[in-house]
Amino acid sequence: SYRPYVDYNANYTEEVRNDASSNLGTYPPIIAKNYINCEGLLSQISFTNSCNYDFNKNFIQTFSFGFSASYLIGDSKDIKRIEWTDSALELVNPDTLQNSYHKSKKNYSGFKVDFGFTAQLSQRFSLGLSFTPKTTLSVDGNFDGLKTNNDEYLPSRINLGIKYLPRNIMKTVFNAEINFTSWSDVNTMYNNTVSYAIGLEHLLYYSLPLRLGFRYDTVNYLST
């Protein structure tokens with residue numbers, strides 16, 4: 001299969017102000033504007049296979065295993081600009097403040113694999129686990145005309161999920177999931193993250209579903 005994996009298209013604008021006239025109840029003047037314009041796409045070409053076994057045993061009734069091997073390829077372009085305003089140039093020597101313009105382009109390639117399994121332990125309880133190892137991307141780039149070559153990384157991930165069907169007259173499904181992402185694979189200064197999610201689906205009158213859920217996420221802030 002072929003599908004997009006990471007979309008790099010984004011635009012960012014930042015206004016930089018000083019503290020002039022801030023005590024007068026008005027906004028300080030803008031002294032500079034920062035711009036970041038990005039475009040590009042990282043795609044993946046994948047081969048996926050799976051198998052299923054019926055054990056019909058007391059401990060495991062069915063067991064399914066699957067894996068996916070993907071080739072990642074794509075490129076991105078970044079333009080970063082800093083433009084000083086007339087308000088800033090009036091305060092200092094115009095030769096001191098110079099507008100800046102930087103352009104970079106990157107070409108990515110690499111291989112990614114995913115593994116996973118599900119096990120139905122009983123008629124009412126199922127368990128699933130998936131694992132994505134750390135992925136290395138080879139990056140050939142160009143920064144302001146200077147050629148670069150380095151590696152970038154995608155973090156490893158582990159997902160664990162459970163499914164439980166209580167003994168109800170009306171069908172009820174309970175799901176829970178834990179996700180661990182090792183952002184330290186990308187940069188040792190990043191914190192690893194753990195997210196939790198639980199959900200409940202209960203069929204009401206005439207199979208009308210009622211769904212409730214909760215999710216808790218942590219953020220990979222820089223470690224201190």
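1. A salt bridge here is a side-chain nitrogen of Lys or Arg within 4 Å of a carboxyl oxygen of Asp or Glu. Keep in mind that this is a predicted model, with local features needing pLDDT of at least 70, side-chain atom pairs counting only at pLDDT 80 or more, and totals for chains, interfaces and linings using all residues. Numbering runs from 1 along each chain as its sequence is written, and side-chain values use heavy atoms, leaving out hydrogens and water.

2. You'll find six salt bridges in the structure. Glutamate 15 and arginine 17 make one of them, at 2.9 Å, N to O. Glutamate 15 is partly exposed at 43% relative accessibility (buried is under 20% relative accessible area, exposed over 50%, partly exposed in between; 1.4 Å probe, protein chains only). Arginine 17 is partly exposed too, at 37%.

3. Another one joins arginine 211 to glutamate 201, at 2.6 Å, N to O. Arginine 211 is in strand S12 (residues 209-216) and glutamate 201 in strand S11 (residues 193-203), ten residues apart; strands (E, at least two residues) are DSSP runs numbered from the N terminus. Arginine 211 is exposed at 59%, while glutamate 201 is partly exposed at 24%.

4. On the ring side, the charged end of arginine 81 sits over the ring of tyrosine 35, 4.1 Å from its centre. Lysine 134 does likewise over tyrosine 153, at 4.3 Å. The test is NZ of Lys or CZ of Arg within 6 Å of the ring centre and within 35 degrees of the ring normal.

Technical notes. Helix = DSSP H or I, 4+ residues; strand = E, 2+ residues; numbered from the N terminus.
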